[in-house]
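Here is a set of questions and answers for a reader who has the sequence and the model at hand.

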Amino acid sequence: PFARDLWRTKVVKIRLMKMGAKKRPDYRIVVQDARKPRNGTTIEEIGQYHPIADGQETVFDVERAKYWISVGAQPTEMVKKIFRQGGLAADGKAISK
């Protein structure tokens with residue numbers, strides 16, 4: 001397959017990639033092949049999650065999240081929770097807060 005179509009042959013997950021320092025975690029919300037390690041190669045970064053910040057600061061691209069869910073990417077449980085807090089249901093539809 002062509003490189004641009006390669007993601008279609010993979011099991012794709014939307015999950016957290018750990019960043020930050022010791023005892024000060026920051027996470028990036030990434031689209032990644034499920035067979036890769038947590039901090040391995042990613043397909044796309046779609047957001048950030050800062051659990052230690054005041055009010056658990058979360059920033060993510062809603063349109064890209066909807067796109068990846070629509071093509072079959074499976075969000076992990078923690079990412080589903082983050083999406084729900086951000087107003088996005090696990091099936092990719094917007095929800096009211």
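Q: Which residue is found in the segment after H2, and is Gly87 buried or exposed?
A: The model discussed here is a predicted one. The segment after H2 contains Gly87, and just after that helix this glycine takes a positive phi of about 90°. Because the relative accessible area of Gly87 is 11%, and buried means under 20%, Gly87 counts as buried.

Q: How far apart in space are Gly87 and Val62, C-alpha to C-alpha?
A: In sequence, Gly87 and Val62 are separated by 25 residues. In the model, the distance between them, taken from C-alpha to C-alpha, is 8.9 Å.

Q: What pattern does the protein follow when it is read along the sequence?
A: The secondary structure of the protein comes to 2 helices and 5 strands. Taken in order along the sequence, these elements give the pattern β-β-β-β-α-β-α.

Q: Which residues have the most contacts inside the largest nonpolar core?
A: The largest nonpolar core is made up of 16 residues. Strand S1 (12–21), strand S2 (24–33), strand S3 (44–50), helix H1 (62–70) and helix H2 (77–85) each supply at least two residues of this core. Those with the most contacts inside the core are Ile14, Ile29, Ile46, Trp68 and Phe83.

Q: Which residues does Ile46 touch, not counting residues up to four places away in sequence?
A: Ile46 is among the residues with the most contacts inside the largest nonpolar core. Once residues up to four places away in sequence are left out, the residues that Ile46 touches are Ile14, Ile29, Val31, Phe60, Asp61, Arg64, Ala65, Trp68 and Phe83.

Q: Which residues of H1 are buried, and what covers them?
A: The buried residues of H1 are Ala65, Trp68 and Ile69. They lie on the same side of H1, because they cover an arc of only 100° around the axis. The face turned away from that buried side carries the exposed residues Glu63 and Ser70. What covers the buried residues of H1 includes S1, S2, S3, strand S4 (57–60) and H2.

Q: Which residue has a side-chain oxygen that reaches the backbone nitrogen of Glu63 at the start of H1, and which residue takes a positive phi just after H1?
A: At the start of H1, the backbone nitrogen of Glu63 has a side-chain oxygen of Asp61 within 3.2 Å. Just after H1, a positive phi of about 110° is found at Gly72.

Q: Which residues of H2 are buried, and what covers them?
A: In H2, the buried residues are Val79, Ile82 and Phe83. Seen down the axis of H2, these residues fall within an arc of 100°, so they line one face of the helix. Their cover includes S1, S2, S3, S4, H1 and strand S5 (74–75).

Q: How many residues apart are Glu45 and Arg28, whose side chains meet in a salt bridge?
A: The salt bridge between the side chains of Glu45 and Arg28 has an N to O distance of 3.7 Å. Both residues count as partly exposed, with relative accessibility of 39% for Glu45 and 31% for Arg28. The pair links distant parts of the chain, with Glu45 in strand S3 and Arg28 in strand S2, and the separation is 17 residues.

Q: Is Asp33 buried or exposed, given that its side chain meets that of Arg35 in a salt bridge?
A: The side chains of Asp33 and Arg35 form a salt bridge at 3.1 Å, N to O. Arg35 is exposed, with a relative accessible area of 61%. Asp33, at 6% relative accessibility, counts as buried.

Q: What separates Lys80 and Glu77 along helix H2?
A: The side chains of Lys80 and Glu77 meet in a salt bridge with an N to O distance of 3.6 Å. Lys80 is partly exposed, with a relative accessible area of 22%, whereas Glu77 is exposed at 57%. Because the two residues are 3 residues apart in helix H2, the separation is about one helical turn.

Notes: Residues numbered from 1 in each chain as written. Predicted model: local features only at pLDDT ≥ 70, side-chain atom pairs only at ≥ 80, totals over all residues. Heavy atoms only, no water. Core = buried A, V, L, I, M, F, W, Y, C linked by side-chain atoms within 4.5 Å. Buried < 20%, exposed > 50% of the residue type's maximum accessible area, 1.4 Å probe, protein only. Helix = DSSP H or I, 4+ residues; strand = E, 2+ residues; numbered from the N terminus. Contact = heavy atoms within 4.5 Å. Salt bridge = Lys/Arg side-chain N within 4 Å of Asp/Glu carboxyl O. Arc of directions from axis to C-beta. Polar contact = N/O pair within 3.5 Å; in protein donor to acceptor, adjacent residues only side chain to side chain.
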